[in-house]
Amino acid sequence: MHVNVVAITESCLREWSHNILGNQQKVCSQLNTCCTSEMEEQLSLQGQQEFSKIVLETSNALLSTFASRYKKFDEFFKELIENAEKSLNDMFVRTYGQLYLQNSEVFQDLFKELKKYYVIGNLNLEDMLSDFWARLLERMFQLVNPQYHFTEEYLECVSKYTEQLKPFGDVPRKLKLQVTRAFIAARTFAQGLSVARDIVNKVATVNPTTECTNALLKMTYCPQCLGLLPLKPCKNYCLNVMKGCLANQADLDTEWNNFIDAMLMVAERLEGPFNIESVMDPIDVKISEAIMNMQENSMQISQKAFQGCGKPKTWSASRSGRSVADGFNARFRPYRPEERPTTAAGTSLDRLVSFNALYLL
């Protein structure tokens, strides 16, 4: 039931002598009132509903901002990984053909783990990258030494010497640092937007206490039960009522500001050396450089491995054939920034971050 407060005021002004006396109102004045106790209850409920609606409408803009920003970033990060995987696959298929296809699961697993970390977390990125390079070394070691027969135990021994052999040059160390920093920052930022969205959604639903409901009634409708024209309450009075009604939300103010400050710090990192876009776009070229480094130094690397793990047995002459390493003679094309993959987000990370930071300020 919606009470027409204007009609109440007009009735009071027209028929003051018929004002209701002796009613048992709980909040409004019982003297010279135009409202019955039932009307007061309805006005109280109406004030409560109007207040909740205003808070919800005010919060919806912020909620919509965080929800849309999270969706945009989430799409961007996921497609960035997808495009990086596709770029590497296309490049390696063109360059190595069957050699790559026969070992493609090593690279597929790398991107699968990167996606898993971004979506779920609960994964040690450094260990995952170390496992990738160890697996790649095992495959490459066999390809550059096709005349030998390697057991699983022997290959495990070779992988243990990865740090000493440095078969891929300095690429694994640099890439580990870049990927770890970039993915932690990217996931933290995306998760922060998601958390902010959920927080705003929860605090937007207000259930006024009895004290709040009574204060709202006194401020908004009680004067009209006395025949006073509907006027907006003075600023300080309104602010005091709002502070009381939104006391729980106000308690979050300091923590919320700290949270926003932290989000802005992460956003700044995304634009600097932690930029996941600048890490993922050329990852295929970086991995190719690592492979080429091992190809060029395969003899020295093999000799060091043989010294540490022993000389492996050779295949029969009929099985050795020509060196499989011949298939690695082709160089990769140089990376050009203008060839960046296009994501559904339709923009680069620096533009997304700059746009989003405006909403956080």
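Biologist: Over residues 15-22, how many contacts beyond four places in sequence does the model have?
Modeller: It has 14 there, and pLDDT stays under 50 over that stretch. Contact means heavy atoms within 4.5 Å, and pLDDT is the predictor's confidence in each residue, from 0 to 100.

Biologist: What kind of model is this?
Modeller: It's a predicted one: local features need pLDDT of at least 70, side-chain atom pairs count only at pLDDT 80 or more, and totals for chains, interfaces and linings use all residues. Residues are numbered from 1 along each chain as its sequence is written, and side-chain values use heavy atoms, with hydrogens and water left out.

Biologist: Where else does pLDDT stay under 50?
Modeller: Over residues 320-342, where the model has 45 contacts beyond four places in sequence. Where pLDDT is low, the predicted coordinates should not be read in detail.

Biologist: And what does pLDDT average over the protein?
Modeller: The average is 81, and 79% of the residues score at least 70. Confidence is highest in helix α4 (residues 104-120), at a mean of 94, and lowest in helix α17 (residues 317-320), at 48.

Biologist: How many helices and strands are there?
Modeller: The protein has 18 helices and 2 strands. Both are DSSP runs numbered from the N terminus: helices are H or I with at least four residues, strands are E with at least two.

Biologist: What share of the residues is buried?
Modeller: 43% of the 361 residues are. Buried means under 20% relative accessible area, exposed means over 50%, and partly exposed is in between (1.4 Å probe, protein chains only).

Biologist: OK, the inside. Which residues touch the most other members of the largest nonpolar core?
Modeller: Phe-107 and Ile-287, out of 74 residues in that core. Helix α2 (residues 37-96) gives the core its largest share, 13 residues. A nonpolar core is a set of buried Ala, Val, Leu, Ile, Met, Phe, Trp, Tyr and Cys residues joined through side-chain atoms within 4.5 Å.

Biologist: What is Ile-287 in contact with?
Modeller: Leaving aside neighbours within four places in sequence, Ile-287 is in contact with Leu-88, Phe-92, Phe-107, Leu-110, Phe-132, Trp-133 and Leu-175.

Biologist: How many aromatic pairs are there?
Modeller: The count is 19. Rings of Phe, Tyr and Trp (its six-membered ring) pair if their centres lie within 6.5 Å; planes under 30 degrees apart are stacked, over 60 edge-to-face, and the rest tilted.

Biologist: Which kind of pair do Phe-132 and Trp-133 form?
Modeller: Theirs is edge-to-face, with 4.9 Å centre to centre and 65° between the planes. Phe-132 counts as buried because its relative accessible area is 5%, and Trp-133 is buried too, at 3%. Ring pairs also link Phe-132 and Trp-133 into a cluster with Phe-92, Tyr-96, Tyr-100, Phe-107 and Phe-168.

Biologist: Switching to Tyr-70. Where does it lie?
Modeller: Tyr-70 is in helix α2. Its relative accessibility is 19%, so Tyr-70 counts as buried.

Biologist: What does Tyr-70 contact, leaving aside its neighbours within four places in sequence?
Modeller: Tyr-70 is in contact with Ala-190, Leu-193, Ser-194 and Arg-197. Tyr-70 and Ser-194 are 124 residues apart along the chain, yet their C-alpha atoms are separated by 6.0 Å.

Biologist: And Thr-213, which helix is that in?
Modeller: Thr-213 is in helix α9 (residues 210-220). Thr-213 counts as buried because its relative accessibility is 8%. Beyond four places in sequence, Thr-213 is in contact with Ser-44, Gln-48 and Pro-208.

Biologist: Loops next. Is Asn-122 buried or exposed?
Modeller: Exposed, because its relative accessible area is 78%. Asn-122 is found in the loop between α4 and α5 (125-144), and has a positive phi of about 50° although it is not a glycine.

Biologist: What is phi of Lys-166 near?
Modeller: Near 45°, a positive value in a residue other than glycine. Lys-166 lies in the loop between α7 (162-165) and α8 (171-203).

Biologist: Last one: where does Asn-275 lie?
Modeller: In the loop between α13 (253-270) and α14 (276-280). Asn-275 counts as buried because its relative accessibility is 9%.
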